[in-house]
Amino acid sequence: MPLSSSAVVAAPWRDDAKVMGLVGMAHASSHFSHLLLPLMFPVFMQDFGWSFSELGLLSSLFFVVSGTGQACAGFVVDRVGARPVLFMSQMLFMAACLLAFTADSYVTLMAVAVLAGLGNAPFHPVDFTILNQRVSNARLGYAFSVHGLTGNLGWAVAPAFFTLTTALWDWRHAFLAAACVYAVVLAVLVWNRAHLLTTTAQHSASADVVPSDLAFMRLPVVWWCFGFFLLSTVTLAVVQNFSVPILKELHGVSLEVASMTLTAYMLFGALGMLVGGFVAARFPAMSDRVVAVCMSSAAILMALCASGLFGHIGTLWVLAMTGFAVGVGGPSRDLMIKKATPKGATGRVYGLVYSGLDVGFALSPLVFGFFMDRGWYSATLLGAAFVLLLSVVAALGVGRRTSVPG
């Protein structure tokens, strides 16, 4: 399939599907890495006696490194191409898991967080550069849907994977098994490397390409996009890091039931992404409004979870539906960002904008870890719902400032 600085107008479904599948698998491995440490928090508290705030700092370190690296990685992707950066990310994940296998101190786990954060950093500029260049324009809505769906599947698989491997062996060998998973993913990507080749920014001579590497940073819409990702991710980080202990404390459910509820949230989010792909393809010009409706609905559902109005069983289902609402908005969110991206700056814009995701992941455990240490469980969920409502304002702000029609 020929390459260009923008997506090919038409290509066989088979070619597009293969690119979507490869990028989706890589994206799932990235989301899997988000939970490498948080899923072991109960074990670490038991074995090492650390607090929620100390463990939350590990998550914050991961996302500080990832966010800083992501903003820089976009420039690298535009210069050298997405493929070599993607391969390096998989090797960093393997290194992080192998180091976690030997961990015996807090400092070692901080090093694990740094390695995994570096591995996670390039994924959005890498993924969206490949998708925008290699997938036909008419199928980009579906490509973004697959991308988001596989990311949620990575989150959903992680709790089940670590629960099973820890039960079969122990937490150290669970990390060793995770390293093997990353090795398999890398082997598949290398085997299919021809489908991941992209052009680089310096090869483009188009007159409408961004005139300098930093010119895109002067566009207000880029910063509105950044703000949207920061705010919406704060809520997601609360669910990932603290939903299990919140459900245990508020409703007295077992660790297994609470963990499976987190898995259900991710699976419903993946289902929402699938539905959202059709929504994005049908209403591309309304992407900001679709996002606003979905995030508003999710915020209301999360506030209902905090109220305890539906009891413990009902709350578990409401939390799962929150994931569905967020998921439906995912593909439209990615289209919203694409419309705000100048030609020739895909890696840089996606790197900066999606670094807002990492900033949100980094800040959320620090703020809400403080809440959790004081037993403010309902307030944690209510605070997350309020921040998600603020992200609606940011999404509508992006829509008002996007000049390119859908």
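This report walks through the core, the surface, the charged pair and the cysteines of one predicted model.

## Ground rules

Local features are given where pLDDT is at least 70, side-chain atom pairs count only at pLDDT 80 or more, and totals for chains, interfaces and linings use all residues. Residues are numbered from 1 along each chain as its sequence is written, and side-chain values use heavy atoms, with hydrogens and water left out.

## The nonpolar core

Start inside. The largest nonpolar core holds 116 residues. Such a core is a set of buried Ala, Val, Leu, Ile, Met, Phe, Trp, Tyr and Cys residues joined through side-chain atoms within 4.5 Å. Buried means under 20% relative accessible area, exposed means over 50%, and partly exposed lies in between (1.4 Å probe, protein chains only). Leu-37, Phe-44, Phe-162 and Phe-175 have the most contacts inside this core. Its largest share, 16 residues, comes from helix H9 (residues 220-251). Helices here are DSSP runs (H or I, at least four residues), numbered from the N terminus.

Take Phe-44 as an example. Leave aside its neighbours within four places in sequence. Phe-44 is then in contact (heavy atoms within 4.5 Å) with Leu-37, Gly-49, Trp-50, Leu-55, Leu-109, Trp-171 and Phe-175.

Is Thr-322 buried or exposed? Thr-322 counts as buried because its relative accessibility is 1%. Its place is in helix H12 (residues 311-339). Beyond residues up to four places away in sequence, Thr-322 touches Tyr-265, Ala-298, Leu-301 and Met-302.

Leu-115 sits in helix H5 (residues 106-120). Its relative accessibility is 22%, so Leu-115 counts as partly exposed. With residues up to four places away not counted, Leu-115 touches Leu-92, Ala-95, Ala-96 and Leu-99. Leu-115 and Met-94 are 21 residues apart along the chain, and their C-alpha atoms are separated by 9.1 Å.

## A nonpolar patch

Now the surface. Leu-271, Leu-274, Val-275 and Phe-278 make a nonpolar surface patch of about 360 Å². Patch residues have over 30% relative accessible area and no salt bridge; like charges are joined within 9 Å, and nonpolar side chains (Val, Leu, Ile, Met, Phe, Trp, Tyr) within 5 Å. Areas come from the Shrake-Rupley method with a 1.4 Å probe, and for residues only the protein chains shown count as cover.

Leu-274 belongs to helix H10 (residues 255-282). It counts as partly exposed because its relative accessibility is 41%.

## The end of helix H14

Arg-401 is in helix H14 (residues 377-401). Its 36% relative accessibility is why Arg-401 counts as partly exposed. Not counting residues up to four places away in sequence, Arg-401 touches Val-221 and Trp-224. Arg-401 and Leu-219 are 182 residues apart in sequence, yet 9.4 Å apart in space, C-alpha to C-alpha.

## One salt bridge

How many salt bridges does the whole structure have? The search finds one. A salt bridge is a side-chain nitrogen of Lys or Arg within 4 Å of a carboxyl oxygen of Asp or Glu. Arg-139 pairs with Asp-16, with the closest N and O atoms 2.8 Å apart. Arg-139 lies in the loop between helix H6 (123-134) and helix H7 (140-168), and Asp-16 in helix H1 (residues 13-34), so the pair ties together parts 123 residues apart in sequence. Both Arg-139 and Asp-16 are buried.

## No disulfides

The whole structure has zero disulfides. A disulfide is a pair of cysteine sulfur atoms within 2.5 Å. Cys-97 is buried, at 1% relative accessibility.

Conventions
Helices (H or I, at least four residues) and strands (E, at least two) are DSSP runs, numbered from the N terminus.
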